[in-house]
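Please open the structure in your viewer and keep the selection panel at hand. The stops below are meant to be taken in order.

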Amino acid sequence: MLFFKPVLSQVSSNDPNVTTLQLSHKKLTDKLLVQLSDALQTNSTINEIWLTNNYISESGAGYFANALENNTTVTEVYLGGNKIGTKGALSVANLLQRNRVIREVGLEDNDICDGGAKALAEALVGNDTLQTLKLNGNKINSEETLKSIKEILQKNRDAARKKLPPSHQGTAISKPPKKSSSSRKSRSRSDKDRSKSGSGGEKERDRDRDRERRSRISSSQSKSTTAAEAASSLATASAATSDAAGSSSPGAQPTTSPSTSGFKKFTNFLSGNSSNKDVAKKDSLKNHDYEKVSAFV
């Protein structure tokens with residue numbers, strides 16, 4: 001048992017970092033349990049001891065129970081899945097008559113008969129500390145004994161609940177602390193503020209989106225207006241130029257500017273609506289690059 005020596009050393013030295021002994025499914029025998037029991041007599045740090053599913057018999061359980069009679073730190077002991085029998089249950093009952101610290105004991109699947117259950121029930125009459133006693137999987141047929149045990153455990157739980165302060169937390173049997181009226185009012189105001197803040201933020205986002213939408217529409221309209229004004233100005237300037245040309249040479253045909261004439265020629269040239277001369281030019285330009293075409297225009 002290589003695992004056992006370090007554990008025994010920690011228990012014997014009162015290692016503050018070790019508060020739970022997890023020794024379930026370790027093939028622990030009565031001999032090893034005796035050594036552990038001796039170490040526990042001087043230990044003041046262990047709170048929980050798990051010894052389930054080992055090879056512990058009634059003699060090992062008896063020695064272990066005697067070692068815990070005066071212990072003031074262990075509150076939970078689990079011995080389920082062993083073979084302590086009715087005699088082992090009697091040893092545990094004797095422990096519960098003397099110990100006033102242990103709150104939970106597990107004795108499931110231990111071949112305990114009605115005699116052992118009755119001894120446990122009698123031990124609990126003077127015990128107001130134990131709140132949980134697991135006995136399922138045993139050979140107990142007396143419903144009356146089991147009912148008596150259940151009633152005593154419930155009474156102990158109720159008494160423990162009354163001893164707890166209202167504000168105590170971290171245990172299943174404690175009552176939740178009552179909230180003061182000022183605390184409730186403060187929380188109500190806080191909830192309202194958060195609600196207002198949330199709705200205000202949503203409205204503000206809606207306003208931002210609306211302003212952005214109006215800005216885009218205004219910008220689009222401004223661009224359209226600017227383009228229309230530019231087109232109107234160009235048309236007015238062209239009309240003014242034509243009028244000026246007509247007034248300077250009465251009876252003459254309206255003339256176009258060289259650039260306008262060149263653009264029309266190039267348009268006709270590209271669309272195929274050109275004269276023979278233009279076609280000849282078009283053919284001659286097939287071997288020219290883009291820069292020469294630009295120069296022609």
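Predicted model: local features only at pLDDT ≥ 70, side-chain atom pairs only at ≥ 80, totals over all residues.

Residues are numbered from 1 along each chain as its sequence is written, and side-chain values use heavy atoms, with hydrogens and water left out.

Select helix H2 (residues 30–40), where Asp30, Leu32, Leu33, Leu36, Ser37, Ala39 and Leu40 are buried, that is, under 20% relative accessible area, with exposed meaning over 50% and partly exposed in between (1.4 Å probe, protein chains only). Helices (H or I, at least four residues) and strands (E, at least two) are DSSP runs, numbered from the N terminus. The cover over these H2 residues includes helix H1 (4–12), strand S1 (20–22), strand S2 (48–50) and helix H3 (58–67), contact meaning heavy atoms within 4.5 Å.

Now select aspartate 109, in the loop between strand S4 (104–106) and H5, where phi is near 50 degrees, a positive value in a residue other than glycine. Aspartate 111 lies in the loop between S4 and H5, and its phi is near 60 degrees.

Finally, show helix H5 (residues 114–124) with helix H6 (residues 143–163), whose axes (lines fitted to C-alpha atoms over the stretch in contact, with angles from 0 to 180 degrees between N-to-C directions) come within 9 Å and cross at roughly 30 degrees. The contact is made by Ala117, Lys118, Ala121 and Leu124 of H5 with Thr145, Ser148, Ile149, Ile152 and Leu153 of H6.
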